[in-house]
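My notes follow in the order in which I made them.

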Amino acid sequence: MITAYPGGWAAMAAALGMTKDALENRVYERKGQQINVHTAMQLQAFSQTTLFAEAISHESGGIFVKLPEFGECDHEELLGKFNQLYAELGQLSEKFSHHTQDGRIDRREKKDLTDTSQQIHRTVQELMILTFAIYCPRDEGSES
């Protein structure tokens, strides 16, 4: 997240209100210091990434799916999202068949299947957001 921020370490430290040395001490856990959750969230916000959320999700055995922000939505966009989902499911099925032909899945194949399944998860979430944006009244569309 630090290197994703324009200006790198020095600029990020300044944005956080600390010196570069203080930031390095926290990141590399020198002198008993460490990054707390609040600072990690600031790093994520300043770098305009989701890297902290992704790391927490990964460590918790899950995945992070950033939900898109849609403006005005229509039925064609919803249909397009369904078509995208069908295509992605087809890709997963094809990859599964190919990767399991030899009776095992190696590290590269596992990553390929995982990446594809995570994309499907994102597409499903986008599909639901579009559905709710179109079919739910404004005041109910943001409820879980």
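I began with helix 6, where I found Glu109, Leu113, Thr116, Ile120, Thr123, Glu126, Leu127, Leu130 and Thr131 buried, buried meaning under 20% relative accessible area, exposed over 50% and partly exposed in between, with a 1.4 Å probe and protein chains only. I keep in mind that this is a predicted model, in which local features need pLDDT of at least 70, side-chain atom pairs count only at pLDDT 80 or more, and totals for chains, interfaces and linings use all residues. I also note that residues are numbered from 1 along each chain as its sequence is written, and that side-chain values use heavy atoms, with hydrogens and water left out. Helices here are DSSP runs of H or I with at least four residues, numbered from the N terminus.

**Helix 6 and its partner**

I recalled that an α-helix has 3.6 residues a turn, so residues three or four places apart point the same way. What do the buried residues of helix 6 pack against? They pack against helix 5, residues 75–99, where packing is read from contact, that is, heavy atoms within 4.5 Å.

I then looked up the geometry of the pair: helix 5 and helix 6 pack at an angle of about 165°, and their axes are 9 Å apart. The axes are lines fitted to C-alpha atoms, for helices over the stretch in contact, and angles run from 0 to 180 degrees between N-to-C directions. Helix 5 and helix 6 are therefore roughly antiparallel to each other, since angles under 35 degrees count as roughly parallel, over 145 as roughly antiparallel, 65 to 115 as roughly perpendicular and the rest as oblique. Their crossing is left-handed, and by class their contact has 13 nonpolar, 7 polar and 8 charged residues.

I also checked the length of helix 6, residues 107–135: at 1.5 Å a residue its 29 residues should span 42 Å, and its end C-alpha atoms are 42 Å apart, which agrees. The expected span is 1.5 Å times one less than the number of residues.

**Helix 1 against helix 3**

Next I turned to helix 1 (residues 8–16) and helix 3 (residues 37–47), which pack at an angle of about 120° with axes 11 Å apart; they are therefore oblique to each other. The contact is made by Met12, Ala15 and Leu16 of helix 1 with Thr39, Gln42, Leu43, Phe46 and Ser47 of helix 3.

**Ala13 and Met18**

Ala13 lies in helix 1 and counts as buried at 1% relative accessibility. Leaving aside neighbours within four places in sequence, Ala13 is in contact with Met18, Thr19, Lys20 and Leu23. Met18 lies in the loop between helix 1 and helix 2 and, at 19% relative accessibility, counts as buried. Not counting residues up to four places away in sequence, Met18 touches Ala13, Leu23 and Arg26.

Is Glu29 buried or exposed? Glu29 is exposed, with a relative accessible area of 54%; it sits in the loop between helix 2 (20–27) and helix 3, and has a positive phi of about 50° although it is not a glycine. Gln48, in the loop between helix 3 and helix 4 (51–59), has a phi near 55°, a positive value in a residue other than glycine. Gln48 is exposed, with a relative accessible area of 75%.

Notes:
Helices (H or I, at least four residues) and strands (E, at least two) are DSSP runs, numbered from the N terminus. A crossing is left-handed if the near helix is turned anticlockwise from the far one by less than a right angle, and right-handed if clockwise. Ala, Val, Leu, Ile, Met, Phe, Trp, Tyr, Cys and Pro count as nonpolar, Asp, Glu, Lys and Arg as charged, and the others, Gly among them, as polar.
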